Amino acid sequence: MQSSITVRHAVHYTQSETMTGSALRENFLIEELFSAGGANAVYTHYDRLLLIGVMPDRAAISLGEDMARVVGGEFLLERRELGLINIGGPGIVRTDDAVFEIGFQDALYLGMGTRSISFESADPSAPAKFYINSAPAHAAFPARQIRKAEAIELNLGDGQTSNKRTLYQYIHPDVVESCQLLMGMTRLEPGSVWNTMPAHTHDRRMEAYLYFEVPKDAFVVHLMGRPEATGHLIVRDEQAVISPPWSVHCGAGTSAYAFIWSMAGDNKSFKDMDFVPMGDIR
Ligand SMILES: O=C[C@H](O)[C@@H](O)CC(=O)C(=O)O
Ligand SMILES: [Zn+2]
């Protein structure tokens, strides 16, 4: 089983603005989260968000002692909460006292205090891909499965500006209670390529994007940085971007794609965004 845990430090924009393209990639892009039969984790110091990709094949994968060590606890969710969305085949998540069948584009919230968590693929030839985010928690809320049909659906953008898309809020105060985690998915319509335009920042919360369903040979040009000093990351299928609180996070693909966004920080107010006037982007 291939597994990894890496730590990403927080970076000030005065430093990121002097970085080469490859240094930006090392600090803000996660190239490999999903490896067959493995679990890859990135612990970021931005709001201590933990991003994990779990792709079980024949055997179950559990988040065990190595993860507990990273967070300095007896077990991973001793003082944390966790959200996940499955972007692969049907999967199964077992916890201390429950079994959840998690289909494609279904989500699961697990609260603080959940001791044992293990992941399986229902069919190893169509493996599940659990994209997991975990953040520090102060209260124990009940576990809850959120199917795609239960997420809040928002229709955004316009074909005329190539940004027609559907946004699904899964872990959101109007759907399920969480301490600080917000999580959802956005899917571009065929022919639309721009996400999150007009761009925004939210200094109160960091954000992470996992791009998926990016066709082979296609890519997304993800813009990051302060609005007046943007840089870019070329992002391929199933790669994730860590977006600091001071950064815009938007992009255009060479074709349509989907992505999972998640946030952690001071509030859970999705609408708390500082929109950037289009004329200010540099
Ligand atoms: O703060 C919110 C996040 O940046 C995303 O939810 C935006 C997004 O998915 C979109 O506009 O397409
Ligand atoms: Zn945002």
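User: Let's start with burial: does H202 count as buried or exposed, and why?

Analyst: Keep in mind that this is a predicted model. For burial, count the C-beta atoms around a residue; 20 or more others within 10 Å makes it buried. H202 counts as buried because it has 22 C-beta neighbours inside 10 Å. H202 sits in the loop between β17 and β18, and it touches P245, D272, M273 and D274, leaving out residues up to four places away in sequence.

User: Which residues does the UniProt "binding site" annotation cover?

Analyst: The unreviewed UniProt entry lists H200, H202, E207 and H249. They're spread over 50 residues of sequence but cluster in space, with 11.4 Å as the largest C-alpha distance. Among the residues around ligand 1 are E207 and H249.

User: Now the core: which residues touch the most other members?

Analyst: In soluble globular proteins, nonpolar side chains tend to be buried together. Here the largest nonpolar core has 74 residues, and L51, I85, Y170, L210 and Y211 touch the most other members. Strand β18 (residues 205-212) gives the largest share, six residues. Take I85 in strand β6: it is buried, with 28 other C-beta atoms within 10 Å. Its contacts beyond four places in sequence include Y131, Y170 and I260. L210 is in contact with Y131 and I260 too, among others.

Conventions:
Residues numbered from 1 in each chain as written. Chains lettered and ligands numbered in written order. Predicted model: local features only at pLDDT ≥ 70, side-chain atom pairs only at ≥ 80, totals over all residues. Near = placed C-beta within 6 Å. Helix = DSSP H or I, 4+ residues; strand = E, 2+ residues; numbered from the N terminus. Buried ≥ 20, exposed ≤ 12 C-beta atoms within 10 Å, placed from the backbone. Contact = placed C-beta atoms within 7 Å. Core = buried A, V, L, I, M, F, W, Y, C linked by C-beta atoms within 7 Å. UniProt positions renumbered as here; feature names shortened; annotations may be inferred.
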